[in-house]
Amino acid sequence: MSNPDRFHTIVTIVENKPGVLARVAGLFARRGYNIESLAVAPTNEERFSRITFTVDVESAPLEQVVKQLNKLINVVEIRELPPSECVSRELMLVTVKADSRDRRELMELIDDWRAYVLAENTKKIMLSFSARTARLDEFEECLKPFGIVEMQRTGRVALPLLS
Amino acid sequence: MSDKLRMSGGEALIKALERAHVEVMFGLPGGAILPVYDPIIDSSIRHILVRHEQGAGHMAEGYAHATGRPGVAMVTSGPAATNIVTPLCDAFLDSVPMVCITGQVPLAAIGTDAFQECDTTGITMAVTKHNFLVTEAQDIPRTIRAAFHIATTGRPGPVLVDIPKDIVDPVNPRSVMTWYEATDADMDLPGYHPLTQGDPELIRAAAQLIQTAQRPVLYVGGGILKSRAAEALLELAEMLQIPVVTTLMARGAFPDSHQLCLGMPGMHGNYTAVMAMQESDLLISLGARFDDRVTGKLDGFAPEAKIIHVDIDPAELGKVRKVDVGIQGDCRLVIEDLCAALRELGGAVTPEARRAWRSTLSGWQEKFPLVYEQSEPGHKLKPQYVLEELRDNNPDDTILASGVGQHQMYASQYWRFNHPYTWINSGGLGTMGFSIPAAIGAKVGKPDRRVWAVDGDGCFQMTAQELVTASVENVPIKVALLNNSYLGMVRQWQEMFYDERFSEVYLSENIPDYVKWSEAMGCVGIRVESPEEVAPAITKANAINDRPVVIEFRTDPRENVFPMVPAGKTNSELLVDPSQEHLRR
């Protein structure tokens, strides 16, 4: 992710019905747009789900992406959030090797980054860490030397800045 | 719910179609859709039994093109659903309002690879405006209402409704439902609100651009026909005295006989229409989408033109070509508002420069008309001659349906389209085999009108079996089959761009025997080989109204369609007929 401004967040409110995610994903595939990340969950209103995705605006004409999405009957609302106009977070769960010789160093790192220990044994530690996507990238780099056993990131979610 | 009428989902489906003013549907029954076919016996809806599901889809399209009402097709699950994918895609690309009902295996069997199961909504997602998988019998009336609403409003298109067998089968308790008249409120479409009225400020901006343009052209597409805007367009064009080009999808939207009409632009458009766009300083695009077959190589297209683009689909505005004024709205409403805005600005102005523009255009028209060389005695017929004779021996309001290829281009070039909804063809998808079923659909919708299908021999062999449908269902269409024994358009490309290396384009001159084949299908078959036989054969065909007629015209395979903009070239590199080559600069 060389230029963070390349990645715009699009928030869509869709009807919470079977197949809607397939329609959205199918549209992206058919029109040749790349999705950088995708997060889907129901909203506080049960009828609707919120799909937040990040697209590389250098790979796809953003205006066309939004207009084509709008044509999907099940898409109720679309908002484009440029990086400067939203607060965004991403969550990572990661299991890291932690044998006795590295363990102290790793615990310091966890402390410094304010990550949470979710579980541990004598060989591994499972962490959760939530921050801006770029911070997750940095943290991931710091963890690599210890040995990442397994990792899952959620993709970015975002809300507009308070006005 | 005033009357608590209980019925099966199948009965409710047919009743809902009746309530949607469906008078005819095209289809073919099978296992999963069987329970819906039973109540058809007692319905007011006429059902046309096709010979292949693709035929049902194209008939529904032809019906919609000719009448403006949504076409309806109904087929069973699995292979029937996949057979109708081509017409759905065709209707999607040409914005044809159509509702397709497909049977599906019972809900509990979905996902088990049951007999004749396929993921119909998954397969058709990319080729429909929307589709539904109905899971409750009680949802049928509201889903059918929503399907027709979506198919016919905004940018029209095909909508598919997939119906699992258990919710329509009266022996299954899941099929029991209580009838209700579905209202708009029942449709539950929170994400669908097509805008039809154009933004007044943008319309004023468009009017100002028009007032100052020196070389304006009205570039009109199929959206004019979809929005029933032909009259409004005529008013606008006459008020402004601006010339009009009608794309392949818009033939008939503006009368060819009108002095402002320049005809068809694009890859096989006439010289004046192509060059008028190319040299224009303002293209006023109404319901057109800057298709690659119209623009040629994009970065050389109409380089000096500003663009006003009106379309009901906002995704079309600026999709291909950057616009100066983009107006989202229904073409008819926007044109009416535009006329009002122009009147407010003091009506039409005709800058001096526009006189020069008009004389340039008429100079081109004089210098570069459509031409072909009549065949020598004893040689094969020229396809253009057949089209001219067909045109001159039929009334103005004849409906012409075409397949795809050289014959389609000759038809568009040589017919005279003076009325909207008289031209039916497959523009966007380019579906060979479209013409015969589309002509049948048109004739069913407009039984009092004469309907001719213009077809090629390649196309004819793809869907000819629907002539059996036409004979049995008493739909007396007429077919002008231009048999040049080749896949003609492909042959033309191989001749021009592949060093005359003809690969897999020769079909056969004598096999099949088209006359015998037509007769076997219940039609009158006529073979025509020389120019003097052409008009009498057409007259004879026109006198037969109790069965379909097929005239096989043996045409010259060496004939190519001109003008032509070779693929990948700019429109300025248009190739004219070889006989006119010396007239180019």
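Author: Let us begin with B:His65, which is found in helix H3 of chain B, residues 53–67. Please keep in mind that this is a predicted model.

Reader: Is B:His65 buried or exposed?
Author: B:His65 counts as buried, because its relative accessibility is 11% and the cut-off for buried is under 20%.

Reader: And which residues is B:His65 in contact with, leaving aside its neighbours within four places in sequence?
Author: Its contacts are B:Val96, B:Met249, B:Tyr421, B:Ile424, B:Asn425 and B:Phe434.

Reader: Let me change topic. How many residues does the contact take from chain A and from chain B?
Author: Chain A gives 18 residues and chain B gives 18 residues. The area buried between the two chains is about 1400 Å², and carbon and sulfur atoms give 54% of that area.

Reader: Why quote an area at all?
Author: The accessible area lost when the parts come together is often used to give the size of an interface.

Reader: How many salt bridges are there between chain A and chain B?
Author: The count is two. B:Asp313 forms a salt bridge with A:Lys71, and the closest N and O atoms of this pair are 2.5 Å apart. Across the interface of chain A and chain B there are also six residue pairs in polar contact, with both residues at pLDDT 80 or more.

Reader: Which elements of chain A supply at least two residues of the side that touches chain B?
Author: They are helix H1 (20–30), helix H2 (62–71) and strand S4 (75–81) of chain A. The largest share, five residues, comes from H2(A). By class, the side of chain A that touches chain B has six nonpolar, four polar and eight charged residues.

Reader: What does the domain assignment give for chain A?
Author: It gives domain 1 (4–81) and domain 2 (87–160). The C-alpha centres of these two domains of chain A lie 28 Å apart. Their contact takes 11 residues from domain 1 and seven residues from domain 2.

Reader: What area do these two domains of chain A bury between them?
Author: They bury about 660 Å², with 55% of it on carbon and sulfur atoms. The count of salt bridges between domain 1 and domain 2 of chain A is zero, while two residue pairs are in polar contact there, both residues being at pLDDT 80 or more.

Reader: Which elements give two or more residues to the side of domain 1 that touches domain 2?
Author: In chain A these are strand S1 (7–15), strand S2 (35–42), strand S3 (48–56) and S4. That side of domain 1 has five nonpolar, four polar and two charged residues.

Note on methods
Residues are numbered from 1 along each chain as its sequence is written. Chains are lettered from A and ligands numbered from 1 in the order in which they are written. This is a predicted model: local features need pLDDT of at least 70, side-chain atom pairs count only at pLDDT 80 or more; totals for chains, interfaces and linings use all residues. Side-chain values use heavy atoms; hydrogens and water are left out. Contact means heavy atoms within 4.5 Å. Buried area is the accessible area (1.4 Å probe) that two parts lose on being put together, summed over both. A salt bridge is a side-chain nitrogen of Lys or Arg within 4 Å of a carboxyl oxygen of Asp or Glu. A polar contact is a pair of N or O atoms within 3.5 Å; within protein, one must be able to donate a hydrogen and the other to accept it, and residues adjacent in sequence count only if both atoms are side-chain atoms. Helices (H or I, at least four residues) and strands (E, at least two) are DSSP runs, numbered from the N terminus. Ala, Val, Leu, Ile, Met, Phe, Trp, Tyr, Cys and Pro count as nonpolar, Asp, Glu, Lys and Arg as charged, and the others, Gly among them, as polar. Buried means under 20% relative accessible area, exposed over 50%, partly exposed in between (1.4 Å probe, protein chains only). Domain bounds come from an automatic or database domain assignment.
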